[in-house]
Amino acid sequence: MNSIEPLIYNAWYIAAWSDELANNLIGRTILNKPVVIFRDADGKAAALEDRCCHRGAPLTHGKRVKEGLECGYHGLVFNGVGKCVEIPGQKDIPNQACVISYPVVERQHFIWIWLGDRSKADETEIIDYPFFSEPEKCPSRKGFMEIKANYMMGIDNLMDLTHVGYVHNNTIGGDPKAHSNADMTVTSTKNGVLMERWLLDCKPPPTFSRSVQFHGNIDRWQEFEYVAPSTVIQWSGGIDIGKNAQENRNQEGFHFRIVHSVTPKTEGSYYYFFGIGHQHRVDNPQVTEDLYQENVATFIEDGAIIETQQERLELSPDRPLLTIRNDEAVIRCHTALQRMIKKNNMH
Amino acid sequence: MNSIEPLIYNAWYIAAWSDELANNLIGRTILNKPVVIFRDADGKAAALEDRCCHRGAPLTHGKRVKEGLECGYHGLVFNGVGKCVEIPGQKDIPNQACVISYPVVERQHFIWIWLGDRSKADETEIIDYPFFSEPEKCPSRKGFMEIKANYMMGIDNLMDLTHVGYVHNNTIGGDPKAHSNADMTVTSTKNGVLMERWLLDCKPPPTFSRSVQFHGNIDRWQEFEYVAPSTVIQWSGGIDIGKNAQENRNQEGFHFRIVHSVTPKTEGSYYYFFGIGHQHRVDNPQVTEDLYQENVATFIEDGAIIETQQERLELSPDRPLLTIRNDEAVIRCHTALQRMIKKNNMH
Amino acid sequence: MNSIEPLIYNAWYIAAWSDELANNLIGRTILNKPVVIFRDADGKAAALEDRCCHRGAPLTHGKRVKEGLECGYHGLVFNGVGKCVEIPGQKDIPNQACVISYPVVERQHFIWIWLGDRSKADETEIIDYPFFSEPEKCPSRKGFMEIKANYMMGIDNLMDLTHVGYVHNNTIGGDPKAHSNADMTVTSTKNGVLMERWLLDCKPPPTFSRSVQFHGNIDRWQEFEYVAPSTVIQWSGGIDIGKNAQENRNQEGFHFRIVHSVTPKTEGSYYYFFGIGHQHRVDNPQVTEDLYQENVATFIEDGAIIETQQERLELSPDRPLLTIRNDEAVIRCHTALQRMIKKNNMH
């Protein structure tokens, strides 16, 4: 199993968070393509190639106008599907006056983009994630960072929690051996992998008891679901013992939910989008903020090791790596991804 | 029409301004060649390959000595035509002790260089530009900046003024539509393109009336002449109405003259040399300085858009671009350049 | 003769100074290979490929533990010969759980490394340099810097002292002509070149007389011995005249000894290791410090010219260079290196 995987074009990726996009323009490179994201005349999220068809200038240097997006070099205006609607100094607009547009779906506070074969863009394949849509039930804060590594190294990092004791030794680490030896079930799903760990009748960690009043020991879980090619949905928490948490987690306790998603910029770099929410003490914005800051601190630690890992793997990408017992989930993730690649090629 | 054009070696380029060169050494990369420019024993401007023939050290790390240029590594001395005239520690100087020299012509405050086939270097082909030679009639200030883009993007920028309303929106822009719709005559010349715009009976812009006392409306012109491969000669100004300005511009009024010249460093970068002079209020150095600063501010805005344009065009240099009505002068410039390339190849 | 030489793998190089390595990890790139240097469970200097066999993470991000070096990503532990001795979460350790190790010899305050064919690593070929082992007889300070140039440019610089008058004009330079015309004997040795210069009955330079009380003029020498592929051993000093210094230098006077060694990182970059000691006024640490600072100042000047020399030579590495009289030692050094390359290939 290698860590560096090829790019998959026929898939939905997070291009931005809804709350990033108002009257501004967002420029991102996704799957090697320069993209500009903006709201069209109707306020609908739209994505165009970030390159004016006239002289090649990046549209991100332009600005939003009433009819759409105005190029900042010579003033051509494009609407949300990339059609030119104004050329300063001339009345007729030729048909070839247009820039490439990409399908975009804004849903549940995510802005998803499709850069592959347009005819295969199926909105029903987009992950359903209702939690952030109801901020009164699951307040959240979203962000992203850029990591100079292949996107699957981000997935590998999330799906092998034994790194927690080593990489996050100074933050959330705790006893490394506990992580390495924890009981874990790993299940392959239709298009990914579900990893679940339960620690029963254990002492609540400081971050848990700082937020929530427990009565003693708790049953604690970590659930990570990889959905190929690029998303990991995390649900972690704890509930007072004796409440049959394993059968029913929808009870009062400490609950946090994170969406992690790796959107490739290139083969060797990605945007790491994360949305961090919680379902306990939903009325306290400080809880949201603390949870966000605490997690971002660990994401920075992950990014640092992942980037140097990429440097090493790039030196000799084909040398085999050693597989160990705790790689089970990671291996299944790569298998799910390979399955997706195969299916894509068969289409 | 593309924007990225090949380099032309058989042509004169500005290597430096005369006032840059005293007892110092100037190191520049021109047409991919490292060049050192200095004054020889007689004070004559000279240009050598910036690479000592002994151990390859750049001569720019040396210093000017009585006999010429002394290498800063082991002290070999070269004269203005690249012949070694001293080797420390030995008396005889072999014939092969020399570095490549390039024809240089210092004239009218320009230092021109020729990096192509020496036998084709014809001084009579150098642009005649008398204005800066008589500072009492046309005081000026010269400068340059480095732009990471193909040199023809600099020419394109100068020869399509419709960008002014968009790129210079915060400085000299004014109403974008006025620029796009202005009447303009474009004429092909022997080795370039002449573009002329007249705005008759119009209000003088603030920068004009700050400098010159007009009696009311003015007749205003903008004249840009492209001389292939790399120079644009600009004459802009305004004269009180009723003085028949279109027939005779050599009258009192607001007159500024700019030489713009793009000297390629590589296919993807150039030096942008500019000399900015004026023929009104020639006794006031503050007018010179203000005009210089005002123009440089817009050149920086141009540089920013041009560099990102280059990034996009480099991604897919062969994709066709859209031609619009206002590209007429730009198209003719590329045609003139192509004509020059053809002629060069036929020689 | 060219300056850019190929890398030689079957040779000992300085990887670090002993006093750099305690409980820390040192990461270096040597001959294009990432290496981590550490002390094993027994305190013995060891060197491994800086790449964990599990997921490729650099081991330099880990830490020293009782049994060896623990990877900072998932906690695998390796001993000094690269064998994995612990995998968190599993008991059995497969044989392939190991990283490449490199022969290391720590001797006389040097840590030498061998990155070539292990079967050819012969410790008896390591330079014997007893001076720094007896700090009470020859106190020293060691350091290194990184130079972006082929390693042989560092050797060329040391073995042609005519540069001193030009490159170090503002520091130790003195009269350039004196250096260029000094009498010099150059002798080829078994695996290198010995260059010796004597200035008899001359005035002691300021740096000499600041440190040592002379009675008048001195006999002064500079001895540089190149030992292929990468080391230059310098012994410079001066002794009062009339003491027959040329026959016997082991007398009171001004004596400094420098080991210069260029360890290639890549074809175009190297670590410049230097150890600077002295055998006069050995009880005064300020003398050691002053000598160190004085030399490092000139090494920085050398580095600057060498890096730009590399830039020029890279542009056209195959163009011939001019050989002059003072290049004699440099030419012999390249000949010695070529002999070593040939011998290596014949093995």
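**Contacts, strands and chain interfaces in a predicted model**

Leaving aside neighbours within four places in sequence, Pro139(C) is in contact with Gly277(C), His278(C), Val282(C) and Thr288(C). Pro139(C) is placed in the loop between strand S11 (110-114) and strand S12 (140-147) of chain C. Pro139(C) and His280(C) are separated by 141 residues in sequence, yet their C-alpha atoms are 9.3 Å apart in space. Pro139(C) counts as buried because it has 22 C-beta neighbours inside 10 Å, and a residue is called buried at 20 or more.

The structure is a predicted model. For the complex, the predictor gives an ipTM of 0.92 and a pTM of 0.93. In chain A the average pLDDT is 93, and 96% of the residues score at least 70.

The arrangement of the chains was examined next.

Between chain B and chain A, 20 residues of chain B are in contact with 19 residues of chain A. By class, the side of chain B that touches chain A has 8 nonpolar, 9 polar and 3 charged residues. Between chain B and chain C, 19 residues of chain B are in contact with 22 residues of chain C. Here the side of chain B that touches chain C is made up of 8 nonpolar, 9 polar and 2 charged residues.

Within chain A, the domain assignment gives domain 1 (12-125) and domain 2 (134-346). The C-alpha centres of these two domains of chain A lie 32 Å apart. Contacts between them involve 9 residues of domain 1 of chain A and 9 residues of domain 2 of chain A. Strand S1 (12-17) and strand S2 (26-30) of chain A each supply at least two residues of the domain 1 side. That side of domain 1 of chain A, where it touches domain 2, has 5 nonpolar, 2 polar and 2 charged residues.

In chain B, strand S3 (residues 33-39) is mostly covered, with 5 of its 7 residues buried. S3(B) pairs with strand S2 (residues 26-30) of chain B through 5 bridges, and the two strands run antiparallel. In this pairing Ile26(B) stands opposite Ile37(B) in S3(B). The hairpin of S2(B) and S3(B) has 2 residues between the strands, and in it Leu31(B) takes a positive phi near 50 degrees. S3(B) is also joined to strand S4 (residues 45-49) of chain B by 5 bridges, again in an antiparallel arrangement. Arg39(B) stands opposite Ala45(B) in S4(B). The hairpin formed by S3(B) and S4(B) has 5 residues between its strands, and Gly43(B) in the turn has a positive phi of about 85 degrees.

Burial was also examined in helix H1 (residues 151-159) of chain C. This helix is mostly covered, and 9 of its 9 residues are buried. Among the buried residues of H1(C) are Tyr151(C), Ile155(C), Asp156(C) and Leu158(C).

Several loops hold backbone features of note. The peptide bond from Ala228(A) to Pro229(A) is cis, with omega near 5 degrees. Pro229(A) is placed in the loop between strand S15 (218-227) and strand S16 (231-240) of chain A. In chain C, a cis peptide bond joins Ala228(C) and Pro229(C), where omega is about 5 degrees. Pro229(C) lies in the loop between strand S15 (218-227) and strand S16 (231-240) of chain C.

Positive phi values also occur in residues other than glycine. One is Gln108(B), with phi near 55 degrees, in the loop between strand S10 (104-107) and strand S11 (110-114) of chain B. Gln108(B) is partly exposed because 18 other C-beta atoms lie within 10 Å. Another is Arg281(C), with phi near 45 degrees, in the loop between strand S18 (269-278) and helix H5 (285-315) of chain C. With 17 C-beta neighbours inside 10 Å, Arg281(C) also counts as partly exposed.

How values were computed: Residues numbered from 1 in each chain as written. Chains lettered and ligands numbered in written order. Predicted model: local features only at pLDDT ≥ 70, side-chain atom pairs only at ≥ 80, totals over all residues. Contact = placed C-beta atoms within 7 Å. Nonpolar A, V, L, I, M, F, W, Y, C, P; charged D, E, K, R; others polar. Buried ≥ 20, exposed ≤ 12 C-beta atoms within 10 Å, placed from the backbone. Helix = DSSP H or I, 4+ residues; strand = E, 2+ residues; numbered from the N terminus. Pairing = 2+ DSSP bridges. Domains from an automatic or database assignment. pLDDT = per-residue confidence, 0-100.
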